[in-house]
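Subject: Structure handover

Hi,

Here is the structure you asked for. My notes follow below it.

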Amino acid sequence: MLPAATASRLSIRVARQAIIVGGQRRAAVSAVRRRDIRGIQSVAQTDRDTITRLLYSIGTKREVERHLRIFSSSSHPSQPAKFAVIKVGGAVLAQLDELALSLSFLYRVGLYPVVLHGAGPQLNDIMDREGVVPDYIDGIRVTDAKTLQIARRVFLEENLKLVGALEKLGTRARPITSGVFTADYLDKEKYGLVGKITKIDKRPLEASIRAGALPILTSLAESPDGQILNVNADIAAGELAKELEPMKIVFLNDKGGMFHGVTGEKLDVINLDEDFDNLMKEPWVKYGTKLKLREFKELLDHLPRSSSVAVISAASLQKELFTDSGAGTLIRRGYKLFKHSDLTGIGADRFRQVLHDRDPDVLAGFSSVTGVLNDLKKTPFTLYGDEPLDVIAVVSHPEGETPVMTKLLSSRSGVLNNVMDNVFNAIKKDHRKLFWTTHAEDENRAWHFERADGSFTRAGRSLFWYGVQDVAEVERTVKEFDAKGRIERSYLPVGPSAPPHRAAPAAAAAPAGSKAYSTLARRVPGSSRGYATAANTGPVSTEIKRVGLIGARGYTGQALTTLLSGHPHIDLTHVSSRQLAGYPLKGYTKHAIDYTNLSHEDVQQMEKSGEVDAWIMALPNGVCKPFVDAVDRGAAERTGEKSVIIDLSADYRFEKGWTYGLPELYGRESVRASKRISNPGCYATSAQMLIAPLINHVAGLPTFFGLSGYSGAGTLPATDPDGRPTTVPKVTPESLKHGVKPYSLTDHIHEREAGFHLSELLPAGSAPVKIAFVPAVAPWFSGIVSTVSIPLKSKLTAREVIALFEEKYSGDKLVRIIKEVPQLPDIENKHTWTVGGFQVHSDGDRVVIVGGLDNLLKGAATQCIQNLNLALGYDEYEGIPIDA
């Protein structure tokens, strides 16, 4: 194995070649054909993929992609400058090639930092040659007219040098030497033409980024009357950061970090909330170091806690940004961790609120907040967490018994900031053995696997442990838990299996954990420090992805084409239809594209060569498997991440290894983590969403009657008057004589599908859900109206039923809850599922509810886009006109 330093140097050399090649071809869009089936490929996308794979050489794929997702999500078209402000010291400008290469890395992966540079050493050299003696007061350069004249010339020259070096690498850059900073005189009598920034105009920066160019700034400012003023570049970078509130503020210097004044070792992480006061008392913290720490604290006190400062060299910028271990010095506000043996340490009300908001069992109705609090009293326990309660864990540890982590509740910020790792490490320090359980569909399930020595899953629950290597000991321990009621259900007989990551090569394994919150000069090998960075509420990713659509002839294919045409981040590169091969695709407006007739061999080769990021299979039932098998064969030979498949047929809705994509009921994170997703059926979607809020109240057999527009019956091939292949409905209003036609009166596939998946919502050991379903075709084009009658275990009022639905679907943008019975205009051509008409029988033992959706949209195409967004890392609702 190559030493790390050697591998890093090799990767930089290879990356330099890749970036230079990319610069020569300028990220153009070229049409590449292979036997007339290849679509339009973006060379820019290819460059991005190449650079991303090169980043894997400095960190694990998991951490690189996680940081890429976080940074990509930081900016939004309305606020494009939220990623980073990078301040480049004058000494770093002397390493122009290294600096340009590092900035081009970011550009190639779609990240646009705002770059601001100084030019102190260059200015001193020229002043010395011209016989001008520099003068400083309080560390500030006194600037007279002669000095300002030289400074302005030096700044402009250095700015153009950096822009030119970037452009040579194919990285678009825009010199911005004025118009951003407005300043007043700091003290004209004392310092001369030195400014204090009073206003920042970020519009030139944002315009540059929207135009696809890196903004390169100098620190010169103008007074309100137009006088140019000199401003310290570090101060200008800080003021710029306060205005933009970026995730990262990076100070590039030639040293590569901040260093301990006695040992000379580099400081890894400084958490200001915990470390600042102690550091300022250290005898070696003085002069410039003390000033820098004060400036960093003052800056971060003005910014969200998601922002952090990094001090790093240009050569190590990628390692600092895209790995958990980092390379320079990370400065963040941070949080202190706590450990309490009772609730008084954090406050019972705060703990209750966390349980109410995050506990999956409480949210699902399997337990109550009061029940959890009562369970706490049964054994000694310790609470672990951080001050804002982004993460809280409960470890039960009766004397002489193996500890059990009964709760690990994290906010999204707690996961992204690696606070969960820090809390878990604190637990590991106290307990050499630990058992814990999670739901099998826990959105952070991969995190648990990576930290466990063993696990197994049974009936929707997973049991994890560390510190135990002997299966017999695991079984003895679980028997003790079972006998004393310390876990919520029996896991006997024990059937342990190694978590998936253990089977992977050691080199691909993720780091073992996170660095605890303290300032260290030397990092413990194998630890990671984690960034204090949390994505905003904008899209998770804005990276352009390529999609292939197989089976584009039918009504669902046409609906998908329309939605993909309006999606800001998806490029439809291939559409396949046997009947329409060679004809232009209608309804897609981004660029011209022709239908092709892809064979299984074509699909396999395209997957192998990485031509698409996702496949949509819009084929009839029973036809999809050969294409899926072809993708799987190609993926086995593909370099890098395999593509996503979303199947709209019923072929994989019961298949292990496939994720059932109904996010409102079965979770978003399982879809985000999946590469194989089965899109639910239209009737089955509405049936499950009608029953799910009442799943714990159902006493018998729910009965459905569904009316669907005739488009749901499918299409037949035909030709139009011009001889072009087209489609016609299998069932027409005329054939229905404008009435309705019941069909599949028993054993409809959606009847089994709905019952099968709803059973996952029940407690372990419950009888599987069964429903009775009778569908009928109606004489309108699209839209399903489903009426369900549900027998109840105990009496409920209509108001209580509505409250259950409102609680279940709170925050779901594709769900509309109305009081009246949904009518066809509420459903047809709508992207939402609408429910209403809540009525309870006078005896209180039966409820009747009406739900509806458009079978081509939320019942098919819209739900497909929803799942595709999650799987590709986009905002769940991107490209879906929710209000339409």
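A word on terms first: buried means under 20% relative accessible area, exposed means over 50%, and partly exposed lies in between (1.4 Å probe, protein chains only). Helices (H or I, at least four residues) and strands (E, at least two) are DSSP runs, numbered from the N terminus.

This is a predicted model, so local features need pLDDT of at least 70 and side-chain atom pairs count only at pLDDT 80 or more, while totals for chains, interfaces and linings use all residues. Residues are numbered from 1 along each chain as its sequence is written, and side-chain values use heavy atoms, with hydrogens and water left out.

Helix α24

Start with α24, residues 625–636. Its buried residues are F627, V628, A630, V631, G634 and A635. Seen down the axis of α24, they fall within an arc of 160°, so they line one face of the helix. The arc is taken over the directions from the helix axis to the C-beta atoms. The helix has twelve residues and spans 17 Å from first C-alpha to last, close to the 16 Å expected at 1.5 Å a residue. That expected span is 1.5 Å times one less than the number of residues.

What do the buried residues of α24 pack against? The partners are β24 (545–550), α23 (600–608), β27 (614–617), β28 (644–647) and β30 (676–678). Contact here means heavy atoms within 4.5 Å.

Two strands pair if DSSP finds at least two bridges between them. β27 and β28 pair in the parallel sense over four bridges. I616 stands opposite I646 in β28. Both faces of β28 are covered: V644 and I646 are buried on one side, I645 and D647 on the other.

Strand β23

β23 covers residues 461–466, and six of its six residues are buried. R461, L463 and W465 point one way; S462, F464 and Y466 point the other way. In a regular strand the side chains alternate between the two faces of the sheet.

β23 has antiparallel pairings with β21 and β22. With β21 (residues 434–439) there are six bridges, and L434 stands opposite Y466. With β22 (residues 454–458) there are five bridges, and S455 has F464 as its bridge partner.

Helix α6

α6 covers residues 120–129, and its buried residues are Q122, L123, I126 and M127. Seen down the axis of α6, they fall within an arc of 130°, so they line one face of the helix. D128 and R129 are exposed, on the face turned away from the buried side. The buried residues of α6 pack against α4 (90–93), β6 (140–141) and α7 (145–168). G131 follows α6 and has a positive phi, near 75°.

Nonpolar cores

A nonpolar core is a set of buried Ala, Val, Leu, Ile, Met, Phe, Trp, Tyr and Cys residues joined through side-chain atoms within 4.5 Å. The largest one has 43 residues. Those with the most contacts inside it are V114, F181, L217, L240, V309 and I331. Helix α10 (residues 233–244) supplies the largest share of this core, six residues. A second, separate core of 39 residues includes L694, V698, V788 and F805.

Leaving aside neighbours within four places in sequence, V309 is in contact with I249, F251, F296, L299, L300, T329, L330 and I331.

K808

K808 sits in helix α29 (residues 798–808). Buried or partly exposed? K808 is partly exposed, with a relative accessible area of 30%. K808 touches L665, A692 and P693, not counting residues up to four places away in sequence. The C-alpha atoms of K808 and A364 are separated by 8.6 Å, though the two residues are 444 apart along the chain.

Whole chain

The chain has 884 residues, and buried residues make up 54% of them. The secondary structure comes to 30 helices and 39 strands. Of the contacts with a separation of 6 or more, 72% join residues 24 or more positions apart. The chain exposes about 37,400 Å², with carbon and sulfur atoms supplying 52% of it. Accessible areas come from the Shrake-Rupley method with a 1.4 Å probe; for residues, only the protein chains shown count as cover.

Best wishes
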